[in-house]
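Me: I'd like to learn how to read a ligand site and a couple of helix contacts. Can you walk me through it?

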Amino acid sequence: MAETVKPNPYWWEAAPRTETDQPSLPDKADVVIVGAGFTGLSAGLTLARAGRDVVVLEKDRPGEGASSRNGGIASGNLKLGFGGMVKAYGLERAKQIHAEGVEARLDLARFIEAEKIDCDWKLVGRFTGAMRPKHYDTLGREADLMNKHLDLGVEMVPKAEQHQEIGSDLYFGGQVRHDIGGLHPAKFHQGILDRTREAGVAVFGRTPVTGIQGDGDGHAVTTERGTIRARNVIVATNGYTGPATPWLRKRVVPIPSQIIATDPIPKETMDRLMPKRRMLGETRNLYHYFRPSPDGTGIVFGGRAGALTDDPMKKLGHLSRNLIEIFPELDGIGFTHSWWGYTGFTFDFLPKLVVREGVHYAAGFCGSGVIWARWLGAKAAQDIIGNAPADTAFRADDFSTRPLYYGRPWFLPFMVGWYEFKDRVGW
Ligand SMILES: Cc1cc2nc3c(=O)[nH]c(=O)nc-3n(C[C@H](O)[C@H](O)[C@H](O)COP(=O)(O)OP(=O)(O)OC[C@H]3O[C@@H](n4cnc5c(N)ncnc54)[C@H](O)[C@@H]3O)c2cc1C
């Protein structure tokens with residue numbers, strides 16, 4: 001079975017990554033953007049439509065980072081949840097962050113419609129399964145709090161009614177959010193790339209940036225293919241941040257996430273396993289996120305399990321065991337693809353938009369970049385267009401690092417072990 005599994009994203013079948021034309025680099029631009037994922041392209045599109053001359057530099061092929069590899073779940077959820085944020089930052093800041101999430105989700109839907117991007121976007125809602133009875137209570141308290149302060153219409157589904165949401169007996173009921181949807185991430189990326197180019201942005205693939213030097217009058221951006229001078233620079237490298245931007249590298253933690261795609265599943269089985277074709281998640285510490293493929297004929301199943309190996313086939317072993325734990329009737333199913341990529345975490349689990357020494361950094365989407373990367377990329381652009389800070393709750397004076405952290409998460413095995421332990425004892 002494993003010999004036929006492709007080590008590339010399932011999404012690339014419908015929207016393959018392509019090489020860019022490589023004319024010589026210009027000497028200068030108004031704005032240079034490093035990274036051609038959702039963040040970089042969203043910034044580029046916003047700037048070009050405001051009349052700026054923009055160059056995007058990408059070290060691989062555009063979208064080859066996380067933006068065409070992800071699960072396509074448009075939640076904008078952050079690790080702390082609403083209750084956790086109220087505790088950590090107080091009610092007002094928590095409300096501000098969540099209100100921005102509501103706005104960013106609506107804006108995504110508006111953008112896809114206005115730009116006519118064919119990316120299988122559907123506002124199908126998301127069910128989160130409780131791994132323990134006490135997790136169900138926690139999800140219930142969270143739902144009450146969100147309904148009280150954010151009017152989101154969050155619903156709880158008890159275990160007795162769970163099969164209306166998911167054909168699994170593993171969970172102790174769960175929570176439904178109706179404001180969350182799903183899309184095809186590689187088609188979405190391709191759509192933004194097309195619009196960005198049509199707006200006049202020059203996007204260069206296979207052009208790694210090696211350094212950025214400010215000189216009071218702008219910046220010199222050095223690459224392996226030459227140097228470009230620019231008044232403004234936006235760094236949009238998130239989980240793929242490297243040595244060219246050491247300040248950011250010390251602040252973003254690259255955490256691998258991996259996904260598998262199943263062989264086609266008969267419609268009657270899909271109707272039983274995912275009756276509402278919703279996005280799905282769970283409360284495990286080493287959690288899984290999963291969903292039907294956009295055509296509804298198979299399952300795209302991702303998670304943190306298997307994070308300690310780079311081998312997609314070993315990752316497949318971890319994830320497929322967990323898929324069968326959730327859906328025992330899929331025992332023996334085959335898989336078509338197994339792939340992975342880097343998410344970018346911050347130490348306080350909040351995305352950041354920071355300007356330092358005249359360079360904009362938009363990063364740290366903590367596994368929720370379908371909403372936040374596009375949104376904060378546009379905010380970075382608005383800063384530059386308006387020559388003043390655009391309105392966002394993620395503007396950070398506190399983008400901190402930790403002692404002994406230089407960009408390689410040496411603590412990952414300990415973290416994974418700790419989360420495994422917590423999941424075993426039901427914490
Ligand atoms: C497997 C997986 C599943 C995920 N699932 C979801 C999900 O379901 N929902 C969700 O909301 N989010 C999800 N995410 C997270 C989401 O994909 C990211 O947050 C988002 O794509 C980040 O976009 P970005 O543009 O900031 O970064 P990326 O798309 O990672 O792009 C950064 C780019 O910068 C380039 N780069 C780096 N260094 C340089 C350099 N020196 N010079 C030039 N270019 C450089 C890289 O090559 C890369 O292409 C997932 C991520 C992964 C990996």
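Predicted model: local features only at pLDDT ≥ 70, side-chain atom pairs only at ≥ 80, totals over all residues.

Me: Which polar backbone atoms lie by the ligand's nitrogen and oxygen atoms?

Reply: The idea is to look for pairs of N or O atoms within 3.5 Å. A polar backbone atom of K59 sits 3.0 Å from a ligand nitrogen, and one of G71 is 2.9 Å from a ligand nitrogen. On the oxygen side, G369 has a backbone N or O atom 3.2 Å from a ligand oxygen. As for cover, the ligand has 1000 Å² of accessible area on its own, and the protein covers 97% of that.

Me: Now the helices. At what angle do α3 and α9 pack?

Reply: Angles of 65 to 115 degrees count as roughly perpendicular. Helix α3 (residues 91–114) meets α9 at about 90°, with the axes 9 Å apart, so these two helices are roughly perpendicular to each other. Among the residues in this contact are I97, L108 and F111 from α3, and V370, W372 and W375 from α9. By class, the contact of α3 with α9 has eight nonpolar residues, one polar and six charged.

Me: What about α2 and α4: how far apart are their axes?

Reply: Their axes are 8 Å apart, and helix α2 (residues 81–89) packs on helix α4 (residues 133–150) at about 75°. That pair is therefore roughly perpendicular too. G81, F82, G83 and V86 of α2 make the contact with E142, L145, M146, H149 and L150 of α4. Sorted by class, the contact of α2 with α4 holds five nonpolar residues, three polar and one charged.

Methods:
Residues numbered from 1 in each chain as written. Heavy atoms only, no water. Polar contact = N/O pair within 3.5 Å; in protein donor to acceptor, adjacent residues only side chain to side chain. Areas by Shrake-Rupley, 256 points an atom, 1.4 Å probe, with all protein chains shown as cover. Axes fitted to C-alpha atoms, helices over the stretch in contact; angles between N-to-C directions. Helix = DSSP H or I, 4+ residues; strand = E, 2+ residues; numbered from the N terminus. Parallel < 35°, antiparallel > 145°, perpendicular 65-115°, else oblique. Contact = heavy atoms within 4.5 Å. Nonpolar A, V, L, I, M, F, W, Y, C, P; charged D, E, K, R; others polar.
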